[in-house]
Amino acid sequence: MSDKIPEPKVGSAEWAEAKLTSHGFYVHYVPLGDGYVNAHTHGVAESWPGQLDLQIVVALGPQTCHGMLSDFVSRIRAGERFQAGDRVERILTQPVLLSEAQEGPPLRTLLRVLVPDEAGKFPGEEGYDSEWAPRQAELETRG
């Protein structure tokens, strides 16, 4: 007979609450089709007032997305603050660009992490490969 309390099911309300309590945030993944995922944080804005939650909408694996978002949260914990328009160096091993975006329901404003194409160009820059990740620059994402 074990007195160990079972872990809550990943993605459940109990799991989310446990992650918020222990880490101050959690990452939620919503498949969007065509290999894309809406990977976004919950709790960052509440745990670190003045900082928006973060989102990645690129066809990258969940481990890569989680690593990138965790890098941001580690830096936020250390006192850094980020806003739309910031070019942030060394997220995992590369620079990224932050853009304001809308996500929902319920609709909320967050910081979209834009990942450069193979040439290091971001959406809106001359020479950006528009076929690299066309969905990452959409302003609103459902999920």
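Which side chain meets that of Glu 89 in a salt bridge?

Modeller: The structure is a predicted model. The partner of Glu 89 is Arg 87, with a distance of 3.0 Å from N to O. Glu 89 has 35% relative accessibility and counts as partly exposed; Arg 87, at 45%, also counts as partly exposed.

The whole structure holds four salt bridges. Another of them joins Arg 75 to Glu 80, where the closest N and O atoms are 2.9 Å apart. Arg 75 has a relative accessibility of 16%, so this residue counts as buried. Glu 80, at 33%, counts as partly exposed.

A further salt bridge is formed by the side chains of Arg 108 and Asp 53, at 3.1 Å from N to O. This pair links distant parts of the chain, since Arg 108 is in strand 6 and Asp 53 is in the loop between helix 2 (44–47) and strand 3, 55 residues apart. Arg 108 and Asp 53 are both buried. They also belong to a network of salt bridges that takes in Glu 103.

The largest nonpolar core comprises 28 residues, and Phe 72 and Val 113 have the most contacts inside it. At least two residues of this core come from each of strand 1 (26–33), strand 2 (36–42), strand 3 (54–58), helix 3 (62–77), strand 4 (87–91), strand 5 (94–104) and strand 6 (108–114). Helix 3 gives the largest share, six residues.

Beyond its neighbours within four places in sequence, Phe 72 is in contact with Leu 54, Phe 82, Val 88, Ile 91, Val 96, Leu 98 and Val 113. One of these contacts, Phe 82, brings in the matter of aromatic pairs, for which the count is one. The ring centres of Phe 72 and Phe 82 are 5.0 Å apart and the planes stand at 85 degrees, so the arrangement is edge-to-face. Phe 72 belongs to helix 3 and Phe 82 to the loop between helix 3 and strand 4, so the pair ties together parts ten residues apart in sequence. Both Phe 72 and Phe 82 are buried.

How values were computed
Residues numbered from 1 in each chain as written. Predicted model: local features only at pLDDT ≥ 70, side-chain atom pairs only at ≥ 80, totals over all residues. Heavy atoms only, no water. Core = buried A, V, L, I, M, F, W, Y, C linked by side-chain atoms within 4.5 Å. Buried < 20%, exposed > 50% of the residue type's maximum accessible area, 1.4 Å probe, protein only. Helix = DSSP H or I, 4+ residues; strand = E, 2+ residues; numbered from the N terminus. Contact = heavy atoms within 4.5 Å. Phe/Tyr/Trp six-rings, centres within 6.5 Å; stacked < 30°, edge-to-face > 60°.
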